[in-house]
Amino acid sequence: MNLLHFRYRDRLGLLAADVLDPQETDAMSKHVSTCRPCQAELSELRLVSVALEDDAVMDRPFPISSDALRTRVLAQIRSASPHSVKQPVWSLRPIAMALSLIGVGLLTGVLVTRMSSAPAQVEPAQIAQASADSAAADSAANDAAFYERLQKTHARANAVRYLSEAQDVLMQVASAADCPNSGKESVDVTREAQTSRLLLKRRAALVSGTEDSLIAARGVMEEVEGVLQQVAEFEQCTRRTEVDAIALRMDRRKLLMKIDLVTQELAAP
Amino acid sequence: MRTASERWNGVRDTDLLAQLQAGDEDALAPLMARHERRLYGIAYGYLRNSEDALEVVQDAFVKLFQQSERVDTRAEVGAWLTRVAINAAIDRYRQKKRRGTREVEVENEDLQHIPSRREAGPLDNLHTEDSRRELERGLRALNETQRAVVTLRHFSELSLDEIASTLGVRLGTVKSSLNRALARMKTAMGEARA
């Protein structure tokens with residue numbers, strides 16, 4: 001044994017993986033041919049390498065069809081796009097606008113009161129009182145309008161979010177992966193069924209008391225609710241024919257397209 | 001009349017990427033068709049779980065769509081996707097470990113329903129199943145970099161230089177990681193047999 005032995009021994013993995021250049025491979029192979037411990041080590045490392053190669057070329061079927069993957073990718077892109085309303089539309093913008101309006105109202109009230117009261121030589125205390133009354137009246141009116149607008153915007157944003165999430169679920173159901181051990185007979189819709197149940201639970205809270213803001217969406221929301229109820233009742237492994245039937249029904253009713261149109265309508269400023 | 005898939009026949013990846021950058025969403029489908037199985041192989045090789053691997057592939061294509069403008073049209077789309085997929089797989093693996101999930105979940109389907117490359121009798125099947133379990137144990141013994149190097153070498157057949165570029169590490173790191181990975185796997189697989 002010499003110093004080269006230790007150098008080669010520490011690189012036997014690379015020889016086993018067949019990644020060394022020809023010159024180095026030759027040099028190491030010569031050494032290994034005369035070194036029993038290296039031969040034993042190399043033979044075991046080669047078994048590992050072969051096991052990895054065998055595993056890599058194993059015929060692992062792609063779990064879903066290419067079309068289904070495309071559907072999933074497009075659904076994810078869609079749900080993340082700026083046009084979709086994952087973020088509440090109302091956020092801070094209307095609040096800032098409303099506060100500005102209130103500010104302008106207050107200022108106008110003060111100015112108008114001062115200008116109109118100056119010639120009559122009204123006492124300063126009276127001016128202050130009048131300004132305060134005017135400002136309070138303006139503020140109350142603006143507050144009421146603001147809250148009403150805010151509530152409607154909020155309701156529309158909630159409905160859009162509900163419909164977008166429902167649309168994702170319905171698209172995912174149509175492209176669900178095969179159930180383990182079932183061949184192509186049934187599909188695993190565990191996640192979709194669970195999400196449908198959660199969405200149905202949330203639906204009432206999302207839109208209660210705000211129906212008049214959502215008249216345009218009522219029909220589609222009822223259709224969506226009907227389909228979600230069917231999906232929510234699915235078992236973990238559901239027969240593919242049942243899922244296909246729902247997909248066909250949605251297709252005939254053009255439900256996904258309707259959801260698109262309604263969400264665009266609701267999300268419009 | 002040409003079908004949708006025929007439209008892209010012979011069109012290079014870089015041209016498809018340019019189409020995607022120009023806003024042509026249809027260019028995504030042929031890119032997916034060309035790379036989905038290879039990416040799935042890499043992601044599966046790393047994560048050893050079909051559902052996780054599928055999600056990694058899905059995320060890689062979503063990222064390609066969303067960040068197509070950031071991809072250099074002169075570069076290989078396949079290499080970019082490989083980098084995204086392996087990094088996503090590493091992240092997912094790390095998250096699972098952090099959450100305390102068993103590091104590698106060998107799915108029953110993988111052990112029972114994947115056909116062997118050759119016709120085999122019942123005894124051979126038992127042997128194959130044992131071998132696969134040993135392999136999983138060996139892979140579990142690796143750290144993240146070693147696992148990534150082994151995956152890219154065996155499941156994507158990248159050269160060591162390409163692996164270094166994909167992972168953003170030096171060639172020497174790739175070599176030492178591969179060398180140590182095989183040694184660790186050998187020990188872990190030996191313990192599994194004992």
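# Notebook: a predicted two-chain model

**Entry 1, B:His35.** I began with B:His35 and found that, leaving out residues up to four places away in sequence, B:His35 touches B:Asp13, B:Phe61, B:Gly78 and B:Leu81. I note at the outset that the model is predicted. B:His35 sits in helix 3 of chain B, and I list B:His35 as buried because its relative accessibility is 8%, where the cut-off for buried is under 20%.

From B:His35 I moved to its contact B:Phe61. With residues up to four places away in sequence again left out, B:Phe61 touches A:Leu69 and A:Val73 of chain A, and in chain B it touches B:Leu28, B:Leu31, B:Met32, B:His35, B:Glu36, B:Leu39 and B:Leu81. I then looked up the largest nonpolar core, which has 75 residues, and saw that A:Leu69, B:Phe61 and B:Leu64 touch the most other members. Helix 3 (residues 28-47) of chain B gives the most to this core, namely 10 residues. I also recorded a second, separate core of 29 residues, which includes A:Leu163, A:Leu170, A:Ala176 and A:Leu255.

Which residues of helix 5 of chain A are buried? I found A:Ala68, A:Leu69, A:Arg72, A:Val73, A:Ala75, A:Ile77 and A:Ser79. I also checked the length of this helix, residues 66-80: at 1.5 Å a residue its 15 residues should span 21 Å, and the end C-alpha atoms are 21 Å apart, so the two values agree.

I counted 10 helices and zero strands in chain B, and the pattern along the sequence reads α-α-α-α-α-α-α-α-α-α. Buried residues account for 47% of the 194 residues in chain B. Among contacts in chain B between residues at least 6 apart in sequence, I noted that 62% join residues at least 24 apart.

I next took helix 9 (residues 160-167) and helix 10 (residues 171-193) of chain B, which pack at an angle of about 110° with their axes 8 Å apart. These two helices are therefore roughly perpendicular to each other, as angles of 65 to 115 degrees are counted that way. Helix 9 of chain B brings B:Leu160, B:Asp161, B:Ile163 and B:Ala164 to the contact, while helix 10 of chain B brings B:Leu171, B:Val174, B:Lys175 and B:Leu178. By class, I have six nonpolar, no polar and two charged residues in this contact.

How do helix 4 of chain A and helix 10 of chain B cross, and within what distance do their axes come? The axes of helix 4 (residues 36-56) of chain A and helix 10 of chain B come within 9 Å and cross at roughly 90°, which makes the pair roughly perpendicular. On the chain A side I listed A:Glu41, A:Glu44, A:Leu45, A:Val48, A:Ala51 and A:Leu52, which meet B:Leu182, B:Ala183, B:Met185, B:Lys186 and B:Met189.

Is A:Ala17 buried or exposed? At 5% relative accessibility, A:Ala17 counts as buried. Apart from neighbours within four places in sequence, A:Ala17 is in contact with A:Ser49, B:Arg153, B:Leu178 and B:Leu182. I also noted that A:Ala17 and A:Arg46, 29 residues apart in sequence, are 7.2 Å apart in space from C-alpha to C-alpha.

How values were computed. Residues are numbered from 1 along each chain as its sequence is written. Chains are lettered from A and ligands numbered from 1 in the order in which they are written. This is a predicted model: local features need pLDDT of at least 70, side-chain atom pairs count only at pLDDT 80 or more; totals for chains, interfaces and linings use all residues. Side-chain values use heavy atoms; hydrogens and water are left out. Helices (H or I, at least four residues) and strands (E, at least two) are DSSP runs, numbered from the N terminus. The expected span of a helix is 1.5 Å times one less than its number of residues. Buried means under 20% relative accessible area, exposed over 50%, partly exposed in between (1.4 Å probe, protein chains only). Axes are lines fitted to C-alpha atoms, for helices over the stretch in contact, and angles run from 0 to 180 degrees between N-to-C directions. Angles under 35 degrees count as roughly parallel, over 145 as roughly antiparallel, 65 to 115 as roughly perpendicular and the rest as oblique. Contact means heavy atoms within 4.5 Å. Ala, Val, Leu, Ile, Met, Phe, Trp, Tyr, Cys and Pro count as nonpolar, Asp, Glu, Lys and Arg as charged, and the others, Gly among them, as polar. A nonpolar core is a set of buried Ala, Val, Leu, Ile, Met, Phe, Trp, Tyr and Cys residues joined through side-chain atoms within 4.5 Å.
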